[in-house]
Amino acid sequence: MLPRIAYFGPQGTFTEQAARGFAADSEVDSELLPHDTVPAALDAVRRGEADGACVPVENSVEGAVPATMDALAEGEPLVAVAEAVLPVRFSVLVRPDGGPVRTVASHPHALAQVRHWLAANLPDAAVVATTSTSAAAVAVLRGDYDAAVSAPVAVRHYPLEVLASDVADVSDAKTRFLLVRPPGVVPGPTGRDRTSIVVTAPDRVGVLSDVLTELALRRINLTRIESRPTKGKLGEYRFYVDFDGHVAEPRVGDALAALRRHCPRTRFLGSYPKAVEGSPAPAADNAEFVAAAEWVARIREGRGA
Ligand SMILES: O=C(O)C(=O)C[C@]1(C(=O)O)C=C[C@@H](O)C=C1
């Protein structure tokens, strides 16, 4: 399906592992194309140089990945067709000939997940942010820094030594990744799907409440809501909303139409199978919505009341 998958690299990131999982599920052999930033991976798809891109969206400890949120809300639309959730535990990598660790580098999300470990084990090391966990490993190899907080697989790609493994302040931390591609036919519902949208709320009283009410009225379970500034006017926000269900389901379609009436700048970011079971599958009471829509259709056609 997706012969070329761009991902947030370089090689050895958690995102590469997620991309490998998506590639393994694909019916065709996929080539994986590393990019140094999330926007670069997404732009490769927009330019037609890749058929899809794998990007991180949120981490259970540090929250949303802003680079991904912004890049999905802006530019040519892309839609998610699959998600993956990976456990996140880190290795601290050093050069084999390295001396004392005075600097330690990683992606800000990774550093935030090992803050306590660093304070306890490398209290004197200066902490430096890099574009990704693997970019930190590359920089250590180059001699720019002394240690990298990386994905455990990074040591297979770079000739570094493991100073510490299984490092994580929160032992069951997880990161969620999306596989996105240009808009096309939405994969069919599976009965345990998630829909993602981004809504730019007009500046009027109660608009966010209207958005949430449209979902609640249709008994649609909200799984995430995040806000980010639009970067235009101060005080103008986008809301990233994830909920259970698939655009093909009548009540989800109804809700999306209602949201679009409240907020004309609503962007569909995809309906895709959930990677983790959580809230109850929404398929159970879809029947009510289908039956009610059929009742209205019969009235309109003069076949009932
Ligand atoms: O740098 C990486 O290895 C990534 O895949 C990025 C990322 C993130 O953006 O959250 C992914 C998982 C970890 O939580 C830390 C970093």
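Predicted model: local features only at pLDDT ≥ 70, side-chain atom pairs only at ≥ 80, totals over all residues.

1. The cis peptide. Glycine 9 and proline 10 are joined by a cis peptide bond, with omega at about 5°. Proline 10 sits in the loop that runs between strand 1 (4-8) and helix 1 (14-25). Most peptide bonds are trans, and most residues other than glycine have a negative phi.

2. Arginine 219 counts as partly exposed because its relative accessible area is 48%, between the limits of 20% and 50%.

3. An open sheet with mixed pairing is formed by five strands in the order 8-7-9-6-10. Its edges are strand 8 (126-129) and strand 10; each has a single partner strand, so one side of each has no neighbour in the sheet. On average, neighbouring strands are turned by 25° against each other, ignoring direction.

4. Strand 6 (residues 90-94) and strand 9 (residues 147-150) run antiparallel and are joined by four bridges. Valine 92 is opposite valine 149 of strand 9. Helix 6 (residues 133-142) packs on the sheet, where it touches strand 6, strand 7 (103-106) and strand 9. The direction of helix 6 makes about 160° with that of strand 9.

5. Which residue does the side chain of arginine 89 meet in a salt bridge? The partner is aspartate 166, at 2.7 Å from N to O. Arginine 89 is partly exposed, at 27% relative accessible area.

6. Helices 8 and 9. Helix 8 (residues 207-217) packs with helix 9 (residues 250-262) at an angle of about 170°, the axes being 9 Å apart. The two helices are therefore roughly antiparallel. Helix 8 contributes Val207, Asp210, Val211, Glu214 and Leu215 to the contact, and helix 9 contributes Ala255, Ala258, Leu259 and His262. By class, six of these residues are nonpolar, one is polar and two are charged.

7. Glutamate 214. Besides its place in the helix contact, glutamate 214 forms a side-chain salt bridge with arginine 218 (2.9 Å, N to O). Glutamate 214 counts as buried because its relative accessibility is 13%, and arginine 218 is buried with a relative accessible area of 15%.

8. Arginine 224 and aspartate 242 form a salt bridge whose closest N and O atoms are 3.7 Å apart. The two residues are 18 apart in the chain, arginine 224 in strand 13 and aspartate 242 in strand 14 (residues 237-244). Both are buried. A network of salt bridges links Glu58, Glu83, Arg176, Arg194, Arg224, Glu226 and Asp242. The count of salt bridges in the model comes to 25.

Note on methods:
Residues numbered from 1 in each chain as written. Heavy atoms only, no water. Axes fitted to C-alpha atoms, helices over the stretch in contact; angles between N-to-C directions. Parallel < 35°, antiparallel > 145°, perpendicular 65-115°, else oblique. Contact = heavy atoms within 4.5 Å. Nonpolar A, V, L, I, M, F, W, Y, C, P; charged D, E, K, R; others polar. Buried < 20%, exposed > 50% of the residue type's maximum accessible area, 1.4 Å probe, protein only. Pairing = 2+ DSSP bridges. Salt bridge = Lys/Arg side-chain N within 4 Å of Asp/Glu carboxyl O.
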